[in-house]
Amino acid sequence: MNNDKDNATLYAELKAERFMTDQISLLHEAEDLADGINFMLKSIGEFTGADRAYIFETSENHTSTNTYE
């Protein structure tokens with residue numbers, strides 16, 4: 001019985017790793033970085049079931065800006 005749980009866990013980890021590898025490849029191949037990042041965030045949100053995904057950038061004066069959504 002524990003073997004089934006271990007297999008399910010390994011399958012979920014493999015699926016997540018493949019997903020992230022695919023996202024990195026798509027971002028690398030994107031002609032426009034901003035479009036690639038926005039597409040990647042949309043895909044991550046869909047994969048995880050999130051309503052939104054963000055990237056915040058922190059400036060040298062320690063303020064944060066919502067750069068991508």
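Is Glu46 buried or exposed? Glu46 is exposed, its relative accessible area being 55%. This value, like the others in this report, comes from a predicted model.

## Overall architecture

The chain contains two helices and two strands. Followed along the sequence, these elements occur in the pattern α-α-β-β.

The radius of gyration of the chain is 16 Å, whereas a compact globule of 69 residues would have a value near 11 Å. Along the principal axes, the C-alpha atoms fill a box of roughly 55 × 30 × 20 Å.

## Burial, surface and contacts

Of the 69 residues in the chain, 14% count as buried. The chain exposes about 5,900 Å², and carbon and sulfur atoms supply 52% of this area.

Contacts between residues at least 6 apart in sequence were also examined. Of these contacts, 27% join residues at least 24 apart.

## The β hairpin

Strands β1 and β2 pair in the antiparallel sense, over four bridges. Within this pairing, Ile55 stands opposite Tyr68 in β2.

Five residues lie between the strands of the hairpin. In this hairpin, His62 adopts a positive phi near 70 degrees.

Two salt bridges are present in the structure. Side chains of opposite charge can pair when their charged atoms come close. One of the two salt bridges joins Lys42 to Glu46, with 3.3 Å between the closest N and O atoms.

Lys42 counts as exposed, at 52% relative accessibility. Glu46 is likewise exposed, with a relative accessible area of 55%.

## Salt bridge between Arg52 and Glu69

Which residue forms a salt bridge with Glu69? The partner is Arg52, and the closest N and O atoms of the pair are 3.4 Å apart.

Notes: Residues are numbered from 1 along each chain as its sequence is written. This is a predicted model: local features need pLDDT of at least 70, side-chain atom pairs count only at pLDDT 80 or more; totals for chains, interfaces and linings use all residues. Side-chain values use heavy atoms; hydrogens and water are left out. A salt bridge is a side-chain nitrogen of Lys or Arg within 4 Å of a carboxyl oxygen of Asp or Glu. Buried means under 20% relative accessible area, exposed over 50%, partly exposed in between (1.4 Å probe, protein chains only). Two strands pair if DSSP finds at least two bridges between them. The radius of gyration is taken over C-alpha atoms; the globule rule is 2.2 Å times the number of residues to the power 0.38. Contact means heavy atoms within 4.5 Å. Accessible areas come from the Shrake-Rupley method with a 1.4 Å probe; for residues, only the protein chains shown count as cover.
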